[in-house]
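Subject: Structure handover

Hi,

Here is the structure I promised to pass on. Please open it and keep it beside you while you read my notes.

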Amino acid sequence: MSKPAERKKHEPTFAELGVAAEIVDALSELGITHTFSIQELATPLALIGRDIIGQARTGMGKTYGFGVPLVDRVFDDADIDELDGTPRALVVTPTRELAVQVAADLEAIAKYTPLRLTAIYGGHNYEDQIEALRGGIDVVIGTPGRLIDLHERGELRLDRVAILVLDEADEMLDMGFLPDIQKLWAALGSPLQAMLFSATMPGPILSLARSMMRRPTHIRAEANDSAPTHETTRQVAFLSHRMDKPQVTAKILQAAGRGRTIIFARTKRTAAEVAEDLAARGFAVGAVHGDMGQSAREQSLDAFRRGDAQILVATDVAARGIDVDDVTHVINYQTPDDPMTYVHRIGRTGRALQSGIAVTLVGYDEAHKWAAINAELGLDMADLPSWFSTSPELHEALDIPSDAGHRVGPAKKLQGVTPRRDRRRR
C-alpha cells in the first residue's frame, strides 16, 4: 500500500497522534508540537508496529518520523519485552556524523523517559563503546561496520532487538553497505518491526524491503511529481573561472542575510584549501573531510552547530551527517559529479519550509557536469552567464554589498584543524 501526500493546511500535533506525554513534553521543549507530512503519516502506523518504507527529501523531518514512535514503543509498549540492559531498538546510519546527530535527536526525545541510548561508530575507541554496552543500553544508533564488529566480538547483543531503522538507506547502498545491512538484519530477533527511510528508492532498496519486511506501507511525503529539490530554495548557477573562485566565494559570504553556510568541494584537498583560504580572509570557518581525524571533525561540526563557525567546508561523504535546519546558503565550490549529489547538497538549505539559496560555481571544465544535472532535474538553467568576483550581476543576483571586498578582517584560526603548513613541520 502506498500513501502519497502533500503537507496539509492543518498538521496534527504529536499528542493528537497518541504519542506518550513524556515524549510530547520533551518535543515541546524543543519547540516542536505539530508534525510534518512524513511524521503525520508514519507515526500512527509505527506506533502499532507496522513495517514502513518512508520516503521524503532531506530536511523534511525523517528523523522524528521514526524517532518519536521508536522511543515511544521501547519506552512503553506491551509488545516489546521489558528492558533488561540489552538493546530493544537499532538504528543504522551510513556515516558516523549522522549516527552522532541521530543519537542526539533521540536522546532529546527520550529526555523524560528512562531509556539509555548510545552511538556506535568507527573512528572512536572501542573501550568507551564496550563500556556503554556492558552498562546497559536500550537503543543503539550506529554505522554498519562497527556494529558488526562489536556484535561478532560478543559485546553487542542483537537477538532482543524489536525495532530496526535504516536511515538514509539510499546513501548506504551507494557506499556499498548492502551486504553489511543484510548481515545485521539476519542477526536480529523476531518478531521485528522494520522501518526504512530514504530520500530516493532505487531498485536494490525496494528489493531488500520486499525480501526482508512484512507487508511494508510505503509512505511518500510529497506527490509523485514533486520537484526533487525544495521549492523554498532559490538556485543560482554561473560559469566561474577556477582562479577566481576563492574571490567569488568570499563575496558570496558577504551577501545580505547570509547565515549558516555549507560550502561543498568535490575533493578532500580542495576542501582543505578552501577552508584555509577563507580563514586567512577573516571568516569563521570549519572543515569536515576525510583527511581529518574524527575528533577534529566533531570539533568543527560542534562549532558549526553552536554558531561559533557559521561556515563549514565539506566533502560530500563527510557532510552526510550534517543535520542543521537553519542553513541559509549552500555553495557548490565544485560542480557535483551527478544530479543526485546535487540534490543532496542543496537539500541542506531550504529545510523545514524555510527559505534558502543554493549557488553553484560551474568551472569552465565542469560545464558538461552541469549540463547533465540541468537536463536530469529539469532546472531550465542550460545557458549560464559568466560572472567574476567583480561582476555587478553577481552582486545584484545575490544581494552582495557593492563595497564587499575579498577579505573581512584579520586571519582566524580554522576550527578543528591544524593548518597544513604546521602539520608539515611535525
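pLDDT is the predictor's confidence in each residue, on a scale from 0 to 100. You need that term from the start, as this is a predicted model.

**Confidence**

The mean pLDDT of the protein chain is 87. Of its residues, 89% reach 70 or more. Where pLDDT is low, the predicted coordinates should not be read in detail.

**The whole chain**

The protein chain has 426 residues, and 59% of them are buried. It holds 16 helices and 14 strands. Take the contacts between residues at least 6 apart in sequence: 77% of these join residues at least 24 apart. The accessible surface comes to about 17800 Å². Carbon and sulfur atoms account for 49% of that surface.

Start with S7, residues 193-198. How many of its six residues are buried? Six of the six are. In a regular strand the side chains alternate between the two faces of the sheet. In S7, Gln193, Met195 and Phe197 point one way, while Ala194, Leu196 and Ser198 point the other way.

S7 pairs with strand S2 (residues 52-55) in the parallel sense, over four bridges. Isoleucine 52 has methionine 195 of S7 as its bridge partner. S6 also pairs with S7 in the parallel sense, again over four bridges. There, valine 165 stands opposite methionine 195. Find methionine 195 on your screen, and you can look from it to isoleucine 52 and to valine 165.

S11 is covered on both faces. Val285 and Ala287 are buried on one side, Gly286 and Val288 on the other. S11 pairs with S12 in the parallel sense over four bridges. Valine 285 faces isoleucine 311 in S12.

Now go to helix H12, residues 294-306. It has 13 residues and reaches 18 Å from its first C-alpha to its last. That is close to the 18 Å expected at 1.5 Å a residue. Its buried residues are Gln294, Ala296, Arg297, Ser300, Leu301, Ala303 and Phe304. What do they pack against? Their partners are helix H4 (96-109), S10, strand S11 (285-288), S12 and S13. Just after H12 comes glycine 307, with a positive phi of about 95 degrees.

Lysine 111 is in the loop between H4 and strand S4 (117-120). Lysine 111 and leucine 27 are 84 residues apart in sequence, yet 9.2 Å apart in space, C-alpha to C-alpha. Leaving aside neighbours within four places in sequence, lysine 111 is in contact with Ala26 and Glu29.

**Salt bridges**

Side chains of opposite charge can pair when their charged atoms come close. A search of the whole structure finds 23 salt bridges. A few are worth a look.

Aspartate 84 forms a salt bridge with arginine 88, where the closest N and O atoms are 3.0 Å apart. Are these two residues buried or exposed? Arginine 88 counts as buried because its relative accessibility is 0%. Aspartate 84 counts as partly exposed because its value is 43%.

Aspartate 84 also meets arginine 160 in a salt bridge, at 3.0 Å from N to O. This pair links distant parts of the chain, 76 residues apart. Aspartate 84 sits in the loop between helix H3 (62-76) and strand S3 (89-92). Arginine 160 sits in the loop between helix H6 (144-152) and strand S6 (163-166). At 26% relative accessibility, arginine 160 counts as partly exposed.

Arginine 260 forms a salt bridge with aspartate 326, with the closest N and O atoms 2.6 Å apart. Arginine 260 lies in strand S10 and aspartate 326 in the loop between S12 and S13, so the pair ties together parts 66 residues apart in sequence. Arginine 260 counts as buried, at 12% relative accessibility. Aspartate 326 counts as partly exposed, at 34%.

Best wishes

Definitions and conventions: Residues are numbered from 1 along each chain as its sequence is written. This is a predicted model: local features need pLDDT of at least 70, side-chain atom pairs count only at pLDDT 80 or more; totals for chains, interfaces and linings use all residues. Side-chain values use heavy atoms; hydrogens and water are left out. A salt bridge is a side-chain nitrogen of Lys or Arg within 4 Å of a carboxyl oxygen of Asp or Glu. Buried means under 20% relative accessible area, exposed over 50%, partly exposed in between (1.4 Å probe, protein chains only). Helices (H or I, at least four residues) and strands (E, at least two) are DSSP runs, numbered from the N terminus. The expected span of a helix is 1.5 Å times one less than its number of residues. Contact means heavy atoms within 4.5 Å. Accessible areas come from the Shrake-Rupley method with a 1.4 Å probe; for residues, only the protein chains shown count as cover. Two strands pair if DSSP finds at least two bridges between them.
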